[in-house]
Every structure is written in C-alpha cells, then in structure tokens.
Amino acid sequence: MESDVLVVDDSAAIRKILQRVLRQTGMAIRTIHEAGDGQEALALLANKRVDLVLTDINMPNMDGLQLLKSLKSAEEWRNVPVVMITTEGGETKVAEAVRLGAAGYVRKPFTADQIKEKLAGILEPALPL
Amino acid sequence: MNLHQIIVESINQAASNVFATMVGGELGPGSDFVALGAPEPTDGVVSFIGIAGPWMGTGSLTCSSSMACAICSQLLMTETTAVNEEVLDAVAELTNMIIGGVKNDLERHVGALGLSIPTVVFGRNFKTRSVGSTEWIVVHFPWNGEQLEVKVSLAPNEKFALPLQHAPTHACAIEV
C-alpha cells in the first residue's frame, strides 16, 4: 500500500532534499506534502490524511515538539508515526521527543541511508515493477 | 583542552561532516585564528545564527556569491548561477547544520544551549557587527578553489541565573 508523507521544516532546502531522498528510499510513497512549520502542518492535516510525519524541531510559529504534542493528543492523529529530523543533539530535546511519542530521530546532516533505515519499519517497500 | 580549542575542533568536525554528508566534495583542512574587532567590509553571502544559554553569542558563515551558488547546486542537485531565495535558504540551512553541530559539542562542556533561526545577508561592500562581541574564533576552509569562513563568538552569560523575564537577548547589528 502506498503511503502519504508530510515533511515539516522551515527550510525549503531541507524540504527539497527530503523530497528527493524519500523518493530514493525505495519505499511505497504516493504523495509527499510539505509544511513550513507546525501551524502549517496542522492546517494541512485538517484536510489531508498522511501515514507519516517527518518534522524539524526548531521552527518559527510552532516548533516540532509542539506539533508532536498536538498530534499525539488528537484522537485522529495519535497513531501516525512522527520522526524528528533536526540538528538538535541535546539529550533534553531527544528525551522530550521520545516522551511525547516520537517514532524516531534523525540528526542533520543525514544521508539517504539513514533516512531509509529509520523508515524501514514504518513504511512499506515499493513493489518491484 | 580549553574552550577555544574545543570550538575550533567542533567547527572543523561539524563543517567537514556537513560537507561530506550533504554537500559533496571534501573541505580542505581548516586554518584557525582569532579576529578582534569588527571585520573589514566584505562582499558575498553572510549568515548568522544566535546562540543562547549559559554562554551566548553568534555563529556565522561567510562565502563568495559564486561559492554560495555552488553549495546550493550541490546540496539541492540543481543548477544555480545567481544568488536567489533558494541559494540564501541553502546557506541558512548549512549554517544551521554546522553551527548546530558546534552547539551540540559545546553543550557537553557548558550546558544546554539554544539556537536562533538563521539570518542570511547578500550584498557588496557591507560590514557586520555583533553587539557586545569583539573576539571571534575564525576557521577558513578551502573548497573547490574558494574559501568558506566559519566563525563563532561566545561569552559567558552572567545573567543566566536570573528569572526568564530578565534574561538578556543577543542582538546582531548589520551595517550595510
């Protein structure tokens, strides 16, 4: 089954890189939506269903931890896996993300293999042509 | 190892790691020095990111516009020949990753730190000044015949123990 993914990052460069990397993972991905911060993500999720959220932590307006908290406290989004992708390496924010229910954590800079490895248990691989 | 050495080592590791992982093409060996006072007028692209916590200051990247375009082209796998929003965004993200790496290293020595959202400036013959900071730890890296400058200015935050409403903010003034 193909999945829809939401990428949340205030950097258009990182969103573009993640679009490319996600297409290279070999996972069955149908659509990749983008949002520039947590507020945009929640607005988008009001109308769209996604199977995975990849989010930065440090963003203006609403950061990734606030977004994670909002998703995990909403009945309809509670079971959607959220993977944090961020430069943050501090134990405090990692622990906070895990406590709030993050499914994983990837530190920037990242390789395509690191993203693929993190998503392996979350998304299904694409069927061979 | 003193804080100066830790910062230089962190800049070297973070910059090399970011280029090797996401930009491509190895950075040459970094040469470091301490710069006092405001820098001379410059051309090209400069980015800043504020650092706050028990120590506070600024991290900064400087490169020519042609190098900024080359970095953007390799990072995003697009052909870019002029500085535009995409190039500025790529340099901002590069700054976020490199100074973020330095911040993560420093946290082991000085405690939890926070980073601001990066600011990027592009122009000709402009000066930059970080209010209250006079000493920068600067590392120059050669890359594809050009030079990337990464620098950090940090000072102890004497008011860190005060309640949040009295916590100082870090200002970064730019003279264009």
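Figure 1. The model is predicted: local features need pLDDT of at least 70, side-chain atom pairs count only at pLDDT 80 or more, and totals for chains, interfaces and linings use all residues. Residues are numbered from 1 along each chain as its sequence is written, while chains are lettered from A and ligands numbered from 1 in the order in which they are written. Helices (H or I, at least four residues) and strands (E, at least two) are DSSP runs, numbered from the N terminus.

**Figure 2. The buried side of helix 1 of chain B.** Ile7(B), Val8(B), Ser10(B), Ile11(B), Ala14(B), Ala15(B), Val18(B), Phe19(B), Met22(B) and Val23(B) are buried in this helix (20 or more other C-beta atoms, placed from the backbone, lie within 10 Å of a buried residue's own). They cover an arc of only 165° around the axis, and therefore lie on the same side of helix 1 of chain B (the arc is that of the directions from the helix axis to the C-beta atoms). An α-helix has 3.6 residues a turn, so residues three or four places apart point the same way. Just after helix 1 of chain B, Gly24(B) adopts a positive phi of about 95°.

**Figure 3. Ile98(B) and the largest nonpolar core.** Val91(B) and Ile98(B) touch the most other members of this core of 81 residues (a set of buried Ala, Val, Leu, Ile, Met, Phe, Trp, Tyr and Cys residues joined through C-beta atoms within 7 Å). Helix 3 of chain B gives the most to the core, namely 11 residues. Apart from its neighbours within four places in sequence, Ile98(B) is in contact with Ala14(B), Ala15(B), Val18(B), Leu61(B) and Val150(B) (two residues are in contact if their C-beta atoms, placed from the backbone, lie within 7 Å).

**Figure 4. The contact between chain B and chain A.** Chain B contributes 21 residues and chain A contributes 18 residues. On the side of chain B that touches chain A, the elements giving two or more residues are helix 1, helix 2 and helix 3 of chain B. Helix 3 of chain B supplies the largest share of that side, 11 residues. The residues on this side of chain B comprise 11 nonpolar, 6 polar and 4 charged (Ala, Val, Leu, Ile, Met, Phe, Trp, Tyr, Cys and Pro count as nonpolar, Asp, Glu, Lys and Arg as charged, and the others, Gly among them, as polar).

Notes
Buried ≥ 20, exposed ≤ 12 C-beta atoms within 10 Å, placed from the backbone.
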